[in-house]
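Please read them with the coordinates open.

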Amino acid sequence: MTDFHFVSLAPLAIIMPIFGAAAAFMMVRRPKAQIAVTVTAIVLTLILDIALLAHVWDTGAVAVFLGGWEAPIGITLVVDRFSALMLVISSAIVLAVLLYASAQGVAESDGGGPVSIFHPTYLILVAGVSNAFLAGDLFNLYVGFEILLTASYVLLTLGGTGPRVRAGVTYVVVSVVSSIVFLIAIAMIYGATGTVNMADLAIKLAELNPALQQVLHIMLLVGFGIKAAVFPLSFWLPDSYPTAPAPVTAVFAGLLTKVGVYALVRTETLLFPGDRVNTLLMIVALLTMIVGILGALAQTDIKRVLSFTLVSHIGYMIFGLGLSNVVGLGATIFYVVHHITLQTSLFLVTGLIEFRAGTASTTRLGSMLKLSPLIAVLYLIPALNLGGIPPFSGFLGKLGLMQAGVGQGSGLAMLLVVGSVVTSLLTLLVMMRIWARVFWRKVEDVEDPPSRLVEELERVETGRRPLRTTNAGLALPTMGLVGLGVALTVVAGPLYDLSDQAAEDMLVRTPYIEAVLGAEAASQGSLDLEVLTDYGIEMPADSSDSPGEFRSVGDSNGHNSSESDDETGGQP
């Protein structure tokens, strides 16, 4: 555990937002101070997350035992490449959305009550997300989910309008059902194994009867599948997210489903390795992609379009997970980071459109390019990226998944490759249709344009100052996220390398287990060489002399192979 004293600061990623929430709550009558406290807490959390990622980039997984109680008895937090990467991208996203929300005045429109609840609730959401990513046992993961879900209930119903309350009821019911399924699964797992520590479960679950393993496996998949919004468990999302304020919808779309995806990845790689449900996962991935994008084609409201594309692109992540190899899982990790950034930025751009034009309905909008070229550019760049136009990160992520599918070679994998291409083309069609209707079409061709849009365009055409301008407080965070999406293309090489290393660690499992339980337990939880070869991982010739070394094997399509020495994990 190299530099353990530094990594022991990892709990601050959870504690700082909680203390920030308490401080923000006490400053309810001082809005500027409340914003300052909230921004400071998230900035400090982001700095810590970046430092943790820099630390584990080379060293691999490190465990932190709270209160000095070592696993599997005490509460364990685990920082590895995947969790640290998710912490960094989530903190960057919530900071940008917070700045946007503060400029928009969401906190002042939370129902007119005497207490501004947005900022403390938002920080509690951040704490829950961080806790979920760091959790080293299933019950602590459940606690993380409940913290972020409780905060999301409040954020979703800000303002107390009828549509928001109705959407909130649906969201609460579905979330409670998924949480109950997850909690029952935890109870059954504890009853069968006597532990909820994930590293310990990686060893003990394999000793159970295969039929019981399958039941526990499916229960976890159902619970996490609802949270990740995979088909057919995604019915709730398009009706819940679009009713919330733009910044709230943005952070929900960007983060909350990805926490579910994170939990699915942990389940499939650490707890239930192998190919027992790979066929099911790939079928679900295909249906999620196709059904989601067909739903987007039928929508006219931009928020609903983006909600359906969100569901659709969750299918790409499940695709890579179902392939169970380094190339596929690495591409999934890369695509998760890409999609969090792109989906959030598009929802913020939609908020800008609503702010300037008064609606997000494509049937009522037109001439937005003339009204605001800046918003047009801010929409076009992430829209093309989401559609998979080269050389953007969306293209690179999808290309990696397709390479993994072709390399795997099964009929179902090839069908998924075709489905991913079709979904990408339909995504581009959907995003460009919005562009054509909202930005390119003349407002004179619109049947019922909002009065705000007509008045603003008249002022622009006559040289007068618009009544509403895209102020810097809204534009700058949006520009920052759009720029981050472009930057992912620039740093795609190092990010892909990190993603592949994270995938190797998770598929091998021993780095994670050794960080928590030690080398002896890691040797008990090690996988057969045949299984590792199926994953695309091959032992070097001198493995007997260097038991901690392994390397990934490039697929037949020329995906770059990489060699890595894991300093924390043993390998047979």
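Is Asp 448 buried, partly exposed or exposed?

1. Asp 448 has a relative accessible area of 48%, so it counts as partly exposed. The model is a predicted one, and this value is computed from it like the others below. The side chain of Asp 448 forms a salt bridge with that of Arg 364, at 3.7 Å from N to O. This pair links distant parts of the chain, 84 residues apart: Arg 364 sits in the loop between helix 14 and helix 15 (368–371), and Asp 448 in the loop between helix 18 (411–440) and helix 19 (451–461). Arg 364 is partly exposed because its relative accessibility is 28%.

2. The structure has 6 salt bridges. One of them joins the side chains of Arg 81 and Asp 505, with an N to O distance of 2.3 Å. Arg 81 belongs to helix 4 and Asp 505 to helix 21 (residues 492–508), so the bridge ties together parts 424 residues apart in sequence. Arg 81 and Asp 505 are both buried.

3. Another salt bridge is formed by Lys 204 and Asp 200, whose closest N and O atoms are 3.2 Å apart. These two lie 4 residues apart in helix 8 (residues 198–204), so about one helical turn separates them. Lys 204 is partly exposed, at 30% relative accessibility, whereas Asp 200 is buried, at 8%.

4. Helix 4 (residues 81–104) consists of 24 residues and spans 35 Å from first to last C-alpha, close to the expected 34 Å. Of its 24 residues, 20 are buried, so helix 4 is largely enclosed by the rest of the structure. Gly 105 follows the helix and has a positive phi near 85°.

5. The largest nonpolar core has 188 residues, and Tyr 122 and Leu 138 touch the most other members. Helix 14 (residues 326–357) supplies the largest share of this core, 18 residues. Leaving aside residues up to four places away in sequence, Leu 138 touches Phe 182, Ile 186, Ile 189, Val 196, Met 198, Leu 201 and Leu 271.

6. Helix 7 (162–193) and helix 9 (210–228) each give two or more residues to the patch. Helix 7 gives the most, with 4 residues. Met 188 is in helix 7 and counts as partly exposed, because its relative accessibility is 32%.

7. One joins Phe 231 and Pro 232, with omega about 0°; Pro 232 is in the loop between helix 9 and helix 10 (237–240). Another joins Pro 390 and Pro 391, with omega about 5°; Pro 391 is in the loop between helix 16 (373–386) and helix 17 (393–408).

8. Ala 229 has phi near 65° and lies in the loop between helix 9 and helix 10. With 0% relative accessibility, Ala 229 counts as buried. Ser 324 has phi of about 55° and lies in the loop between helix 13 (302–323) and helix 14. Ser 324 is buried as well, at 14% relative accessibility. Most residues other than glycine have a negative phi.

Terms used:
Residues are numbered from 1 along each chain as its sequence is written. This is a predicted model: local features need pLDDT of at least 70, side-chain atom pairs count only at pLDDT 80 or more; totals for chains, interfaces and linings use all residues. Side-chain values use heavy atoms; hydrogens and water are left out. Buried means under 20% relative accessible area, exposed over 50%, partly exposed in between (1.4 Å probe, protein chains only). A nonpolar core is a set of buried Ala, Val, Leu, Ile, Met, Phe, Trp, Tyr and Cys residues joined through side-chain atoms within 4.5 Å. Contact means heavy atoms within 4.5 Å. The expected span of a helix is 1.5 Å times one less than its number of residues. A salt bridge is a side-chain nitrogen of Lys or Arg within 4 Å of a carboxyl oxygen of Asp or Glu.
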